[in-house]
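Subject: A structure to look through

Dear colleague,

I am handing over the structure below, and after it you will find my notes on what was found there. Please keep the model open while you read, so that you can follow each point by eye.

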Amino acid sequence: MNNGKRSVFLITTTCFGIAFLYIPMILLVLYSFNDSKIVPVWGGFSTRWYGVLFASEEVWEAVALSLKIAAVNACFATMLGTLAGLALVRFGSFKGRTLFSGMISAPLVMPEVITGLSLLLLFITLNEFFGWPSDRGFTTITIAHITFSMAYVAVIIQSRLAGMAQDLEEAAQDLGAKPFRVLTDITLPLLAPGMLAGWLLAFTLSLDDLIIASFVSGPGAVTLPMLIYSRVRLGLRPDINALATIIIIVVAIGVLLAAWIMFRQQKQRELELKMSEES
Amino acid sequence: MSSAAPTVTASLKHRLGHLLQRNWRSLILFIPFFWLLLFFLAPFFIVLKISFAGNVIASPPFTAMIEWVDEGVMNIRVVTDNYAYLWEDDLYVNTYLNSLKISSISTILCLLVGYPMAYAIVRSSHTTKHILLMLIILPFWTSFLLRVYAWMGLLADQGTINGLLISLGIIDEPIRMLYTEFAVYVGIVYTYVPFMILPLYANMEKLDWTLLEAAADLGARPMVTFFTVTLPMTLPGVIAGSLLVFIPATGEYVIPDLLGGGNVLMIGRVLYNEFNANVDWPVASAVAIALLLLLVLPMMLYQHIQGKETAGS
């Protein structure tokens with residue numbers, strides 16, 4: 001970029017944009033250490049809201065439920081999404097392909113209120129005819145989450161498959177491996193990083209969902225977002241700021257760790273490439 | 001007997017293996033296909049069906065569509081009142097129009113904020129590019145709900161912005177920002193701008209920037225270059241990003257509820273309340289179908305673009 005004027009404009013907008021994204025979160029963290037009960041009015045440094053948060057049994061229960069749903073959801077969504085991605089990229093044309101690809105990508109853009117309402121009505125109808133699910137909670141929320149998370153996993157797997165060189169698979173096939181063996185011994189191991197990324201995304205999406213869970217949950221099953229929402233609806237709460245701070249720190253550590261691992265792998269690969277070129 | 005059992009299992013295993021060898025493709029396809037048919041497609045037909053039912057105080061609170069009057073004689077009852085009700089009640093029509101207005105303006109605002117940022121990211125050096133992209137993606141991994149909540153603290157009457165302005169002596173009375181339409185715009189732009197930046201970035205990354213230099217060399221002024229070269233080239237990214245903001249923003253519930261309070265009517269909120277507070281399932285279903293009809297065109301457009309993207313790469 002040699003054009004100085006434009007460059008200044010771009011740098012300013014980028015700085016403002018990043019500040020716009022981060023200042024609210026920084027303030028959220030700062031106010032969690034505020035002694036005052038009124039969130040935006042500073043009353044001195046204190047960690048008492050963390051005490052209030054940890055003392056609440058409700059919070060622990062909600063965290064446990066949300067983590068359990070997120071983990072089970074991530075495993076199933078990764079499995080189903082990987083199968084769907086494989087079918088869409090490697091199977092060529094098959095009967096119902098248009099319907100299938102439409103159904104797999106529609107949850108990405110479907111308003112959550114519609115997904116939530118329609119799944120709840122499905123569960124009620126199923127219960128009426130088959131007596132299942134007799135009560136709503138963990139199972140129904142997990143099923144709902146799998147349904148939209150698998151779409152995201154499928155997108156990741158599709159793009160990985162499309163960008164993957166097929167020479168290893170072709171080599172295996174030339175050496176006489178049956179297609180199924182090629183899939184289990186070559187394609188799936190190569191897809192492992194994509195599946196891990198899909199798992200993590202499905203896990204976070206599930207932890208983040210409020211609306212769909214509110215629709216398909218029953219009495220007694222309260223996920224973490226549902227708990228946060230019921231509290232902040234009535235106004236600002238310092239203990240929620242404390243909770244937000246903990247979430248932001250956990251996410252930041254996780255992302256930095258992932259970035260570090262990826263960075264090291266990249267270096268390793270570059271090194272290997274260099275060595276193979278030299279030899 | 002004891003010797004026969006393992007043989008049976010072994011042969012069963014063998015046959016199962018054989019079956020898997022031959023039909024594994026259908027099996028791979030069948031599992032996600034069946035899941036989506038049951039948990040994604042079927043629910044819509046149920047919503048559609050209930051939207052044509054009448055409301056009764058019962059459990060579940062709607063009338064049956066098909067009633068068996070006598071043996072083999074059935075009575076099909078289709079109620080279109082719910083849709084007529086939506087059409088005649090000003091509240092619903094206004095809410096639809098207001099949702100469209102808010103999501104359209106928010107999309108334009110996201111474009112105004114996101115476009116220069118995406119452009120700046122594409123044109124920055126390799127390392128900076130990765131750091132900036134990570135900074136854009138990072139908020140995705142934290143809670144959406146808490147990011148909206150953060151703005152409650154900023155915009156409240158006693159909030160950070162009002163406090164700052166008063167202490168600087170710019171204003172004497174706090175400006176009412178929370179629970180207004182302005183707060184909803186801020187909230188939508190804040191949470192959705194990454195959805196605008198990322199598709200724009202993906203599109204710009206693939207472009208041939210020498211064309212810009214060529215235009216400049218041939219004497220085109222920056223503004224002219226922007227409107228005749230840059231904008232047309234990045235149009236697919238603009239459309240993809242706009243749809244990714246527009247579609248979910250139209251059905252948004254959390255932002256109008258937390259930041260708009262009762263003052264901002266949006267269709268997602270009306271649907272939620274109709275279902276949970278008023279327990280009128282048929283009307284809620286009709287609202288859902290009407291919202292879907294409103295969004296079906298943009299959604300199909302998005303799928304079309306996505307399909308072309310994957311086919312192209």
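What percentage of the contacts in chain A with a separation of 6 or more is accounted for by residues 24 or more positions apart? The share is 74%. Please bear in mind throughout that this is a predicted model, and that the values below are computed from it.

Chain A as a whole

Chain A has 11 helices and zero strands, so that, as the globule rule would give 19 Å for its 279 residues while its radius of gyration is 24 Å, the chain is described as more spread out than a compact globule. Along the principal axes, the C-alpha atoms of chain A fill a box of roughly 70 × 70 × 35 Å, and 40% of the 279 residues of the chain count as buried. One local detail of chain A deserves a look: the peptide bond from W132(A) to P133(A) is cis, with omega near -5°, and P133(A) sits in the loop between α5 (112-130) and α6 (138-163) of that chain.

Where the two chains meet

On the side of chain B, 72 residues are in contact with 67 residues of chain A. Helix α1 of chain B, which covers residues 4-51, gives the most to this side, with 19 residues. Sorted by class, the side of chain B that touches chain A has 54 nonpolar, 15 polar and three charged residues.

If residues up to four places away in sequence are not counted, L271(B) touches V113(A) and L117(A) from chain A, together with A284(B), V287(B), A288(B) and L291(B) from chain B. L271(B) is also one of the buried residues of α11(B), among them I267(B), R269(B), E274(B) and F275(B). Eight of the 10 residues of this helix (residues 267-276) are buried, and the helix is therefore largely enclosed by the rest of the structure.

Helix α9 of chain B

Helix α9(B) spans only 35 Å between its end C-alpha atoms, whereas a straight helix of 29 residues would span 42 Å at 1.5 Å a residue. A kink of about 55° lies in α9(B) at L235(B), shortly before the proline P236(B). F246(B) lies in this helix, which covers residues 222-250, and F246(B) counts as buried because it has 22 C-beta neighbours inside 10 Å, where 20 or more are needed. Leaving aside neighbours within four places in sequence, F246(B) is in contact with S103(B), S104(B), T107(B) and P298(B). The C-alpha atoms of F246(B) and V189(B) are separated by 11 Å, although these residues are 57 apart along the chain.

A loop residue of chain B

With best wishes

Definitions and conventions:
Residues numbered from 1 in each chain as written. Chains lettered and ligands numbered in written order. Predicted model: local features only at pLDDT ≥ 70, side-chain atom pairs only at ≥ 80, totals over all residues. Contact = placed C-beta atoms within 7 Å. Helix = DSSP H or I, 4+ residues; strand = E, 2+ residues; numbered from the N terminus. Nonpolar A, V, L, I, M, F, W, Y, C, P; charged D, E, K, R; others polar. Rg over C-alpha atoms; globule rule 2.2 N^0.38 Å. Buried ≥ 20, exposed ≤ 12 C-beta atoms within 10 Å, placed from the backbone. Expected span 1.5 Å × (residues − 1). Bend = angle between axes of the 7 residues up to and from the residue.
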